[in-house]
Amino acid sequence: MLKTETANGSATASAAAAEQTRMPASISRVASIDIVRGAVMLLMAIDHVRVYSGLPAGGPTAGIFLTRWITHFVAPAFIFLAGTSAFLHGRKLANTSALARFLVTRGLWLILLELTVLRVAWTFNFDFSHYLLAGVIWVIGWCMVLLAGLIFLPMRAIVAFGFLVVFGHNVLDRFSPALYTMMEKSHWGWLWQVLYFGGPIQMGEHGPTLFVLYSIVPWVGVMALGYVFGRVITLDAQSRRRICLVLGSSAILLFLLLRGFNLYGDPRPWAAPKPVVAQNVQEPPPASASANSGPQQAAPATPPRRIQAPAWISFLNTTKYPASLLFLLMTLGPALLVLAFAENATGPIARTLTMFGRVPFFYYALHIPLIHLLAIGVSLITIGSVSPWLFLNHPVMIPPAPAGYVWSLGLLYLVYAVAVVLLYFPCRWYAGLKMRRKDIGFLSYL
């Protein structure tokens, strides 16, 4: 009898071990997802420090361009993995309807926070009557609401929808002038802006301006594809890694092909700088010229030559608002490769990134007011007072920074490093709280 029970127990254990080999032990906590999400959260803070530094977005020097460009990976990876997280969360719920309710409530919650708490964090003012921001949290919220309807479709239909939106929306590039004209004349122009074109929307004759920084298209397609990618995450680690390598490499190769030949996918074709044509310079009058010969006619002033971006900057400078196909291929391709190589990542860096990746919205809500406060401190130190510019309607509806305020790149990265160190401690505490208190359902909304 004892031998029989032992044999049965061994068989059960072997079956369980085989099942664990086929399926990850914790579908909702795949390490590579948290590592990539943590990495993009840290990158995001670089650009938000730049907002308060007064440095322009994307130029004119290579250092400033790359400071902006490296943060382009944030929104695509964040929104794509938000879709993946929705799929994985749905596996823990009773049915599709329960997931839809969660997505609607969480999406509306994010939209509300974007228009209220996060708007105050960006500006440190309460000028709601003139300025509202529809940023990345806004678009994540609306995409979640829309995804709540999409998840009732067959998976193949969701795949088709995602690819159609992501790969097809740049067809509108050739019709943009006519569409802009129609939008300006239509009473539904604001809807076009929310869906695709973005920009400021005047809400009523005396209402506030809603600045749509992130339009719904193509991001709803990115989230839909991320949701489908959740199926990949349920596979064993070796299969996940292989698929991520194929998808990531394919996206990068397609980007190089389409961008290299300016075939399709971005309204701004790249180009090498034009060669400089030497201009005739008028010789000064000879020294022997008589002083009484009358005033000399001044040579016509040569207009300053516009600085041309190097070819590599032009090549990488794809369109983010609205995000073009090439922008998404350029960013999601490497993100998928990192997902593949992060499968077996260990050590303190991996653990730190994992910790940040487990509390993405908590980190987001905390880092904006912290960076804003640090910018006030920098202003006190560098110019001796708090610049009123720091209380304007950041991050988009603002004039250039006042003279004498703009930071150096070195100072920007120093403030960034300070911000990350300060964020580490509350994020570590909150990550621990979420792990200990699974009974507090509200924590899933933060």
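Q: Is F124 buried, partly exposed or exposed? What is its relative accessible area?
A: In this predicted model, F124 has a relative accessible area of 26%.

Q: Where does F124 lie?
A: F124 belongs to the loop that runs between α6 (117-123) and β1.

Q: What is the phi of F124?
A: Its phi is near 55°, which is a positive value in a residue other than glycine. Most residues other than glycine have a negative phi.

Q: And what about N262, what is the phi there?
A: N262 also is a residue other than glycine with a positive phi, in this case near 50°. N262 sits in the loop between α12 (237-260) and α13 (311-316). With a relative accessible area of 36%, N262 is partly exposed.

Q: Changing topic to the sheet: in what order do the strands come?
A: The open sheet consists of 3 strands in the order β1-β3-β2, with mixed pairing. The edge strands are β1 (131-134) and β2 (199-202), each of which pairs on one side only. From one strand to the next, the twist averages 25°.

Q: Parallel or antiparallel, in what sense do β1 and β3 pair?
A: β1 pairs with β3 (residues 209-212) in the parallel sense, over 4 bridges.

Q: Which residues in β3 are the bridge partners of Y131, L132 and A134?
A: Y131 has T209 as its bridge partner. For L132 the partner is L210, and for A134 the partner is V212.

Q: Then how do β2 and β3 run, parallel or antiparallel?
A: β2 and β3 run antiparallel and are joined by 4 bridges. P200, for example, has F211 in β3 as its bridge partner.

Q: How many residues are there between the strands in the hairpin of β2 and β3?
A: The hairpin has 6 residues between the strands, and G204 takes a positive phi near 85° there.

Q: Which residues of β3 are on each side, and are they buried or exposed?
A: T209 and F211 are on one side of β3, while L210 and V212 are on the other. All of these are buried, and both faces of the strand are covered.

Q: Which residues point each way from β1?
A: Y131 and L133 point one way from β1, whereas L132 and A134 point the other way. All of these β1 residues are buried as well.

Q: On to α7. How many residues does it have, and what does it reach from its first C-alpha to its last?
A: Helix α7 (residues 136-150) has 15 residues and reaches 20 Å from its first C-alpha to its last. That is close to the 21 Å expected at 1.5 Å a residue.

Q: Why is α7 largely enclosed by the rest of the structure?
A: Because 11 of its 15 residues are buried, α7 is largely enclosed by the rest of the structure.

Q: Which residues in α7 are buried?
A: The buried residues of α7 are V136, I137, W138, V139, I140, G141, C143, M144, L147, A148 and L150.

Q: Now the surface. Which residues make the nonpolar patch?
A: W188, W190, L191 and L195 make a nonpolar surface patch of about 410 Å². Of these, L195 is found in helix α10 (residues 189-197). L195 counts as partly exposed, at 36% relative accessibility.

Q: Which residues does a cis peptide bond join?
A: V217 and P218 are joined by a cis peptide bond with omega about 10°. H394 and P395 are also joined by a cis peptide bond, with omega about 5°. Most peptide bonds are trans.

Q: Where do P218 and P395 lie?
A: P218 lies in helix α11 (residues 216-233). P395, by contrast, lies in the loop between α16 (360-383) and α17 (409-436).

Q: By how much are the C-alpha atoms of I243 and I233 separated?
A: The two C-alpha atoms are separated by 9.8 Å, and I243 and I233 are 10 residues apart along the chain.

Notes: Residues numbered from 1 in each chain as written. Predicted model: local features only at pLDDT ≥ 70, side-chain atom pairs only at ≥ 80, totals over all residues. Heavy atoms only, no water. Helix = DSSP H or I, 4+ residues; strand = E, 2+ residues; numbered from the N terminus. Expected span 1.5 Å × (residues − 1). Buried < 20%, exposed > 50% of the residue type's maximum accessible area, 1.4 Å probe, protein only. Pairing = 2+ DSSP bridges. Axes fitted to C-alpha atoms, helices over the stretch in contact; angles between N-to-C directions. Patch = residues over 30% accessible without salt bridge, like charges linked within 9 Å, V, L, I, M, F, W, Y side chains within 5 Å. Areas by Shrake-Rupley, 256 points an atom, 1.4 Å probe, with all protein chains shown as cover. Salt bridge = Lys/Arg side-chain N within 4 Å of Asp/Glu carboxyl O.
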